[in-house]
Amino acid sequence: MTRGAGGGGGGPKQGPIDKFTGPGGSTGASGGSQAAGPDNAALMAAITQSRDALDANIRAVGADVMLLRQDLRNAVSRITEAEARISGVEDDVVTLKRKLAALVSTQKGLALRVEDAEGRARRNNLCFVGLPEGCEKGGKEGFLTRWLESWVPPGTLSGCFVIERAHRALMQKPPEGARPRPVIAKLLNYHDRDISYGAGLSILSDKIQFPSFLRTVENGNFFAQAYIDLCLHFGWTWIGILASDNDFGLQHGQNLLKDAPKSGICVEFYETLATQITEKSLSHVVNVIRWSTSRVIVCFTFSPQMISFLRVISAQKIVGKVWIASTSWLSSVFSLKDLWETLHGTVGFAVYSGEIPMFKEFLYSIHPSKFPNDIYMKQFWEHAFTCQWREDFNRTMTGNEMDGKRVCTQTEKLETLDESAYDVNNFRYPYKAYNAIYAIAQALHDLKACIPMHGPFINRTCADYPRFHPWQLLHYLKNVRTKNSAGKEVFFDENGDAPPMMDFINWQMTSKDTSRFLKVGTYEANALKGQKLIINSSAIEWDTGHPRVPVSICSEPCRPGYRKAATEGKPRCCFGCVLCSEGSITNQSDSADCMKCPDDHWSSILRDRCIAKSISFLSYAESLGMILALMSVFFFLNASCVFGVFVWYRDTPVVKANNRGISYLLLISLKLCFLCALNFIGRPTKWTCMLQQIIFGVIFSLCISCVLAKTITVVIVFRATKPNSNLKKFLSPKIAYTIVLTCTLIPVTIGVAWLTTSPSFPEHSTSPAMREIFLGCNEGSVGWFYSMLAFMGLLACASFLISFLARKLPDSFNETKFITFSMLSFVSVWLSFIPAYLSTKGKYMIAVEVFAILSSSAGLLYCIFAPKAFIIFWRPERNTRDYLSSKSKSSLKNKY
């Protein structure tokens, strides 16, 4: 086929291409048109076939795409349906949660209503304490009604309340002479609009259950905190708790058990005294106390259980315990003289006592003859004076009536009674009753003094005095704020409670027959922190008979220098003492953690104080620095002597052999090496730090380059002896000096770059683990420092390798064996230097570097020059040209 003029080549398929190449190819196209016809038809057929196949593929792909679309629509539909179902389930869950919350709320409301109903059912109960057993003849309800009406003017209680039922407390009937069981009465038509002077239960502050209840006695809620503050005041952190199995004991005991650990007080045991005490339960509690290590026992108990318990304690001679009494038995138990020795030194909180004018005189003036209708007066008189009262003093009584007691003379004086039996100096509950009366009197006064149209009630009205409603008086009672005749303020808070204030009492046995309650402090819950509990500790007499406070702790306090370490399986009050680590101290006893000393201080030997660290550096004054300095001077003098010897014998063959000038230069550099070690000793300064490493690097490089030059010179000299050797042109001394200059310029360059970028500087190096402050030099750039060492190591290795390879050259002029030994010692020293340098700290790191400088330099000095000095001084016959020439010729013959 003819090639077209504008075509790029020939071939059957090139005609159509040439047709579209442009004007340059038109002639060729027209010339070959007839031959190209079949080819065009074949190409068009191929294109048509390919198009049909492509269309079929496109249709197949379209069908597949339609199927995928349908599948996608189905998937979307299913996902939409699933989302709808999930949304429905979520809505159902939200609805169920709302219903559940409503049910929970309803349940809580029902529980509160049940509790309120129980409280309201109990609220109309009255407890009468002290009524003699068997006095309720004719029915308890009728007796109580008649007894209450006998104490008030006729008609006062008519219609106010009706006693529905009454019964004795469910407990075992006490023996004769013991405290009678209380009488509990259920009242109707009674509303608790009253002021109590003795009810301390915290639930009474709930104004939902008891909206009209007020009291002048303290709320028992703060009892637990009061006892915690008391234990912290005396340092008692290891206590026991004894509680009665009733509302009073369980409530306060559990509160103390829960709150004590929050203040760092641990409870060794918590035991309860059952209402019906059995020998087994009593024995268990006694054994727990016997084997307990805590000396302080807090008691939330009532008198009956406590008396039985203390009698067993007294009989078994369990002593050394500090009993912290509660108000429920603080006075009654101490009237029993058989318990005095056990209870001596007992402390506790009692109801706050105040002054009641003329009340003491009144108490001393009472007499059964003045109050003939008082059923308690005669019993009190008989019990106090241990006698039998009779109305007709002149009538002779039978033996049964006397019951072994003398007849009361009726002239007994109440002033002669012991304070534990008849306390007229501490008015506690009478003082609270006195305040209640004062509050009512003030409320009545305020109610009566109300000005019309300025009252507190609807339409600013006042109460109709004296025909007012009880709730009107209650309004004034809640807002009372007055002072009693003793000058103390009387008021009620929003819960109807009086200000929480109590006396701290110490019971002391002054003799076998007399004792006293001594007020030694007060506790005021609303006072500022640190002023709540005020105690006169010197006035307290403990069970030991002296004012020293007993210790009740699980573990002895850790001394200063030690910290507490918890003991596994024991409360946190039981711990061991661990000495603080170095660099840490405790300057107080019983510390939980050690304090780190500042970086510039260190702990003392006892770890109880931080002392300033001493500044340490490699000094001439200490033995290590002095030894290194003397070694440096000694080796310098040795090098100087060798240099002097070589100068004196400069014309001898031994000195002239192996390049005398390089030997002089090597000796000078060794002397400088010994002197540069002194730059590392002494107090670092700015200039010594900047120059010590650089001078050391440059001088050592000069020294090693001299050794390298000597080694290379020896090798060239002996290799150049061969005929037609090309090394003869390197026999010039300039070659050695060139090697020295080149190898010295490199560390000089490194030193200049080091000084320019990050020069060394003095710094104080310290850390909590170091006993001293190390004054040393910071290299500035560790990279430059190790670059200098690496270059010196490279020179040393090169010298060692060349000298080792040339060790078998003739001996007369050859010192390569000695160079080999010197470089072997040099390399060994510096290879051992690196790990030693990195593993030491402080001045010892500097000492390692100085020792490495001195030992490696000394190795070079003695290994290279000691054999020459030996020949000069002790073998002068070998230091002649004839001897060296003959030795050289024989060596060459043996070698070649």
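**Figure 1. Bridge partners I297 and W323 in strands β8 and β9 of the predicted model.** The bridge partner of I297 is W323, a residue of β9. This and the following views show a predicted model. Strand β8 covers residues 296-300 and strand β9 covers residues 322-325; the two pair in the parallel sense over three bridges. Helix α8 (residues 303-315) packs on the sheet and touches β6 (238-244), β7, β8 and β9. The direction of α8 makes about 175 degrees with that of β9.

**Figure 2. The open sheet of eight strands.** The strand order is β7-β6-β8-β9-β10-β15-β16-β17, and the pairing is mixed. At the edges stand β7 (266-273) and β17 (533-535), each of which pairs on one side only. From one strand to the next, the twist averages 25 degrees.

**Figure 3. Crossing of helices α5 and α6.** Helix α5 is formed by residues 223-234 and helix α6 by residues 247-259; their axes come within 8 Å and cross at roughly 50 degrees. The angle therefore makes α5 oblique to α6. The crossing of these two helices is right-handed. On the α5 side the contact consists of F223, A224, Y227 and I228, which meet F248, H252, N255, L256 and D259 in α6. By class, this contact has six nonpolar, two polar and one charged residues.

**Figure 4. Packing of helices α17 and α22.** The axes of α17 (residues 660-676) and α22 (residues 843-874) come within 9 Å, with a crossing angle of roughly 155 degrees. Angles over 145 degrees count as roughly antiparallel, so α17 is roughly antiparallel to α22. The crossing of α17 and α22 is left-handed. From α17, the residues in contact are S663, L666, L667, L670, C673, F674 and C676. They meet I853, L854, S857, A858, L860, L861, I864 and F865 in α22. The contact of α17 with α22 has 13 nonpolar, two polar and no charged residues.

**Figure 5. The open sheet of three strands.** The strands are arranged in the order β24-β26-β25, with mixed pairing. Strands β24 (614-616) and β25 (761-765) stand at the edges and have a single partner strand each, so one side of each is left without a neighbour in the sheet. On average, neighbouring strands of this sheet are turned by 25 degrees against each other, direction ignored. Strand β26 (residues 772-778) pairs with β25 in the antiparallel sense over five bridges. In this part of the sheet, P762 stands opposite C777 in β26.

**Figure 6. Salt bridge between E133 and R181.** Side chains of opposite charge can pair when their charged atoms come close. Here the side chains of E133 and R181 meet in a salt bridge, with an N to O distance of 3.1 Å. E133 lies in the loop between β1 (125-128) and α4 (140-149), and R181 in the loop between β2 (162-168) and β3 (183-188), so the pair ties together parts that are 48 residues apart in sequence. With a cut-off of 4 Å between a side-chain nitrogen of Lys or Arg and a carboxyl oxygen of Asp or Glu, the count comes to eleven salt bridges.

How values were computed:
Residues numbered from 1 in each chain as written. Predicted model: local features only at pLDDT ≥ 70, side-chain atom pairs only at ≥ 80, totals over all residues. Heavy atoms only, no water. Axes fitted to C-alpha atoms, helices over the stretch in contact; angles between N-to-C directions. Helix = DSSP H or I, 4+ residues; strand = E, 2+ residues; numbered from the N terminus. Parallel < 35°, antiparallel > 145°, perpendicular 65-115°, else oblique. Left-handed = near helix turned anticlockwise from the far one by under 90°. Contact = heavy atoms within 4.5 Å. Nonpolar A, V, L, I, M, F, W, Y, C, P; charged D, E, K, R; others polar. Pairing = 2+ DSSP bridges.
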